[in-house]
Amino acid sequence: MTALLSVKNLTVEFTTRDGIAPVIDDLSFDLAPGETLSLVGESGCGKSMTALAIMGLIPSPPGRVASGSISLAGENLLQAGDTRMRAVRGNDISMVFQEPMTSLNPVFTVGEQISETLRRHQGLTRRQAKALSIEMLDAVQIPLPTRRINDYPHQLSGGMRQRVMIAMALACRPKVLIADEPTTALDVTVQAQIFDLMRAVGKETEAAIILITHDMGSVAEMAERVVVMYAGRKIEEGHVDDILARPRHPYTRGLIACVPHLLETVSAERPYLQEIPGMVPPLSDFGFMGCLFAPRCDRVETRCWQEKPKVTQITPSQSAACWNLQEAKVRVDA
């Protein structure tokens, strides 16, 4: 299937006190129409920065897109001017940000904020925009939408604010919806409701979804394909079933081992909650020629410190960047 969104060899650099650091290093992936793709990894791995690059929101200075391309339906967004990108944002590509309380303007009602998007991108009158805003609040299952449209963000619960963000993002029926940790700080029941809502509304609007998360449990629930990122690099990619059943990179295996109900697919020999030792390297280490996961890996060898692993296509639907792919394979019980 032809890709709707195509990211090719994307490199984003930031100027730091220690020099220039590639916060995204040669990243490539495709997103098909109607597909749900998850970018997963710990905080600081470049997931949100990838989203900002797609949206054309990299702060400059200190950041800049050094190389690569981001194409939406064949149009290279990196070559689009500011006017064109303002038309794309919110209309063709929308984003649900991580913290709705800081993303929603506290001095405007939620109805005014949804209506502003519709008036700007769809050219609707105030009356038309208000009517459609009520429809969107109803679509995201907010009770009494005709009353809630006049509420301010502080009058809503965390789950309802997140629903408002989803309603705002989907109001113009975008081609791509980026959800950056959409269930952070929400309880488990509300998380499940938000995921169900995203699936239902995404299917209705035919929007492709990029889910940004650090939680492999969320990946298992929502995604069709997965891109695992570490320190700005893509280290594994594949169909969600292949990634969960046969993770080929030690880091992917560690992420899965951190989720109790996924442990059985990781190791029958160590059926207890595991953790990944160490932490994501500082920004000054990004760009290191070897494997950035080497200091935390239990299968590290001399080559890992000296050479950047190349992405290897393991199967038609799964690839990984590791010098010890065979050793990283885990046993899967029938």
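Modeller: Axes are lines fitted to C-alpha atoms, for helices over the stretch in contact, and angles run from 0 to 180 degrees between N-to-C directions. Helices (H or I, at least four residues) and strands (E, at least two) are DSSP runs numbered from the N terminus. This is a predicted model, in which local features need pLDDT of at least 70 and side-chain atom pairs count only at pLDDT 80 or more, while totals for chains, interfaces and linings use all residues. Residues are numbered from 1 along each chain as its sequence is written, and side-chain values use heavy atoms, with hydrogens and water left out.

Biologist: At what angle do the axes of α4 and α7 cross?

Modeller: Two packed helices are described by the angle between their axes and the distance between the axes. Here the axes of α4 and helix α7 (residues 158–170) cross at roughly 20 degrees and come within 9 Å. That makes α4 roughly parallel to α7, a label for angles under 35 degrees, where over 145 is roughly antiparallel, 65 to 115 roughly perpendicular and the rest oblique.

Biologist: Which residues of α4 and α7 meet?

Modeller: With contact meaning heavy atoms within 4.5 Å, V110, Q113, I114 and T117 in α4 meet V164, A167 and M168 in α7. By class, this contact of α4 with α7 has five nonpolar, two polar and no charged residues; Ala, Val, Leu, Ile, Met, Phe, Trp, Tyr, Cys and Pro count as nonpolar, Asp, Glu, Lys and Arg as charged, and the others, Gly among them, as polar.

Biologist: How do α4 and α5 pack?

Modeller: Helix α4 (residues 110–122) and helix α5 (residues 126–139) pack at an angle of about 120 degrees, with their axes 8 Å apart, and are therefore oblique to each other. In that contact, G111, I114, S115, L118 and R119 of α4 meet R126, A129, K130, L132, S133 and L137 of α5, which by class gives five nonpolar, three polar and three charged residues.

Biologist: How many residues does the largest nonpolar core have?

Modeller: A nonpolar core is a set of buried Ala, Val, Leu, Ile, Met, Phe, Trp, Tyr and Cys residues joined through side-chain atoms within 4.5 Å, where buried means under 20% relative accessible area, exposed over 50% and partly exposed in between (1.4 Å probe, protein chains only). The largest one has 59 residues, and I178 and I210 have the most contacts inside it. Strand β2 (residues 19–31) gives the largest share of this core, six residues.

Biologist: Is helix α11 buried or exposed?

Modeller: Helix α11 (residues 250–257) is mostly covered, with eight of its eight residues buried, including Y251, R253 and L255.
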